[in-house]
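Hi,

Here is the structure I promised to pass on. Have a look, and my notes follow below.

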Amino acid sequence: MVVLPGGRYMVASVSNWAKNFYSLCVFALDHRVGGIVALAETPVKQKAYNLRAKYMTVDGNPSIVIAYVRRKKVGRISNESSRNVDPSIYHEVRNNPRLKIDPPVPFQYVCSCVQISLDALDALADPRLDPGSREFFEFARSQPPPFRLLSVLRSSSEFGMIDLAIIDDIPTLAVVKGLETIVFKQLTGMGPITTMVCAREEMNSALIYRICNIRILPHQGEILVIRAITDMTPTATSDPRGPPSKPPGLLTVAMFAIPAAGDSETPSHTSISLVSFRADDAEDIQISAPHDYDLLGGKSPSDPVVAPPINIFYRKSGCRLRYITLKPVPMPSWLLRPGQPQRPYYSVQDTLNDDDQLLFCEEYAWYSTCRLFVCPGSYRTLLYGASPEDRTDSPGVNSIYSHLVDPHFIDEYSVRRHELLRGILREAYEHRSQVLAKFDLCPDLYDDLRRGVKDMAWDESIGRIFYVKPDDAHIHVVDLAYAPSQTADGQRCPLPLADQRMLDL
């Protein structure tokens, strides 16, 4: 599930109970009549994963652009056991090269991108139509198809993480292909395909590289690339009877220049700036996505830079969670045209401490008690924990945390609320001071979460948690905005309850 900025729409990859029919579904989250309502659906041939959705203007039409990856079997398969492999439910441990499982049969990977206009969604969300009624479906059938296919990429190499951005006023798709390649595809007309191979570090050129996540920064003409570096050569151990130990892994945070459209001839692209650091068995690398309107900058070169940071989260061995923050700085003068307003600039070199060259980062360790998953946000990030032994696709969630990017950060909401309640509250208003705070939700809600969660999404703009259970067809909502008071340790008062507005898919 992906919640669009502002919390008005959500895109989800769904299936029927038999898991032989898959589709993409767009939900209205605040329908005036039905609450959460499924407005539009389009079938896909296999399960859609690595879902990415973004507001973009395509050919002059304000739309939601949705990109996803699916995989399918190719060729004839003679082995009966391999013939029964379903590429939609086949699961591998992604974002961790050391634990990656090769598919038992050859797969072809397909990266597709579709568009649905906001005008079509507004027409379907007309409050005069009762969702699910005969009038609603008759009106929907009278409208032109809401979805439009923009692009399809096929490859025998695995497609990984996806990003969408407006590059030089053109909507563009970027997807990781294989281990070290990023493919760019313009989404207007017969847009060219651009291939970028990320060059290796000279000191570690013999090791295995794998791109784990990317984020396009079009306003500065660069792309942020997170890569894991591993050495699969076993090393000697003191115990000859024990298994060979593996050397520690590395993680690199690098900035690459976005290649020119149609450039697929350059053998490899060297990074503009790069930072490498030790990260044993790093997995689940997540990057927050700053919204385009947050990166517009001021109206003149003298205006201050106000933009959200870029947060990078990953898990290390022992269930430790680490995060790195790239804070924006004013863009260097040589990158600005004469008279161009000031814009934010992100640099990976700012993650280093000049005194001892250590990483500006924080680490939280629960070790054997909790394995944390991340729903990244620009200012507020949602973390939820599961048992380290639970490796199913529906782990039981035993804790939920709120994470702030900066312990000294006081958001605009808190300031305005303080001004509003200053003459009403009997006690002095306390701003939240802790970076990480565990939500003390109601016991019944935690009991429900411990029985397993299929997926969870975070609406940072409003403060809503969406989760789906494996044994029912409802979208459950925990609305933190219904608990408006926040204590200094991050708790919400009164305790937020599960929203009663649920939808039977």
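Which residue in β12 does lysine 185 stand opposite? That residue is isoleucine 193. Keep in mind that this is a predicted model.

The strands around that pair: β11 (residues 181-186) and β12 (residues 193-197) run antiparallel, with five bridges between them. Six residues sit between the two strands of this hairpin, and among them is glycine 189, which has a positive phi near 60°.

Thr194 and Met196 are on the covered face, while Ile193, Thr195 and Val197 are on the uncovered one. In a regular strand, side chains alternate between the two faces of the sheet.

Further along there is an open sheet of four strands, in the order β13-β14-β15-β16, with antiparallel pairing. Its edges are β13 (208-217) and β16 (273-278), each of which pairs on one side only. On average, neighbouring strands in this sheet are turned by 20° against each other, direction ignored. Within the sheet, nine bridges link β13 to β14 in the antiparallel sense, and tyrosine 209 stands opposite isoleucine 229 in β14.

Glycine 249 counts as buried because its relative accessible area is 3%, and the cut-off is under 20%. Glycine 249 is also 7.2 Å from aspartate 231, C-alpha to C-alpha, though 18 residues separate the two in sequence.

Cheers

Methods: Residues are numbered from 1 along each chain as its sequence is written. This is a predicted model: local features need pLDDT of at least 70, side-chain atom pairs count only at pLDDT 80 or more; totals for chains, interfaces and linings use all residues. Side-chain values use heavy atoms; hydrogens and water are left out. Buried means under 20% relative accessible area, exposed over 50%, partly exposed in between (1.4 Å probe, protein chains only). Two strands pair if DSSP finds at least two bridges between them. Axes are lines fitted to C-alpha atoms, for helices over the stretch in contact, and angles run from 0 to 180 degrees between N-to-C directions.
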